[in-house]
Amino acid sequence: MSEDEIGRGAKIEPLRKAIPCPECRRPSQRDHYPFCSNRCRELDLSRWLNGSYAIPVADDEAKADYSDED
Ligand SMILES: [Zn+2]
């Protein structure tokens, strides 16, 4: 069995299936998949760029979420 066959046949998930945002565990949005918002996507990206968890996510997580919807 080749890797190619596995990749194609194994797992087809329905589009609507919501997975938790890797950053904040809220349901992901299709526009920002697999994140819930562009903010979380950028957080994740900057985390990779910094190579650490140095960003103080916890502090602004509570208040920032309601201002990021359009
Ligand atoms: Zn999120």
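Predicted model: local features only at pLDDT ≥ 70, side-chain atom pairs only at ≥ 80, totals over all residues.
When residues up to four places away in sequence are left out, Gln29 touches Cys36 and Ser37. Ala18 is eleven residues from Gln29 in sequence, and the C-alpha atoms of Ala18 and Gln29 are 7.7 Å apart in space.

The protein chain contains three helices and zero strands, arranged along the sequence in the pattern α-α-α. Of the 70 residues in the protein chain, 13% are buried. Among contacts with a separation of 6 or more, 10% are accounted for by residues 24 or more positions apart.

Helix α2 comprises 13 residues, 38-50, and its span from first to last C-alpha is 18 Å, close to the 18 Å expected at 1.5 Å a residue. Within α2, the buried residues are Cys40, Arg41 and Leu43. Viewed down the axis of α2, the buried residues fall within an arc of 160°, so they line one face of the helix. An α-helix has 3.6 residues a turn, and residues three or four places apart therefore point the same way. Leu45, Ser46, Leu49 and Asn50 are exposed on the other side of α2. Just after this helix, Gly51 adopts a positive phi of about 70°.

How values were computed
Residues numbered from 1 in each chain as written. Helix = DSSP H or I, 4+ residues; strand = E, 2+ residues; numbered from the N terminus. Expected span 1.5 Å × (residues − 1). Buried ≥ 20, exposed ≤ 12 C-beta atoms within 10 Å, placed from the backbone. Arc of directions from axis to C-beta. Contact = placed C-beta atoms within 7 Å.
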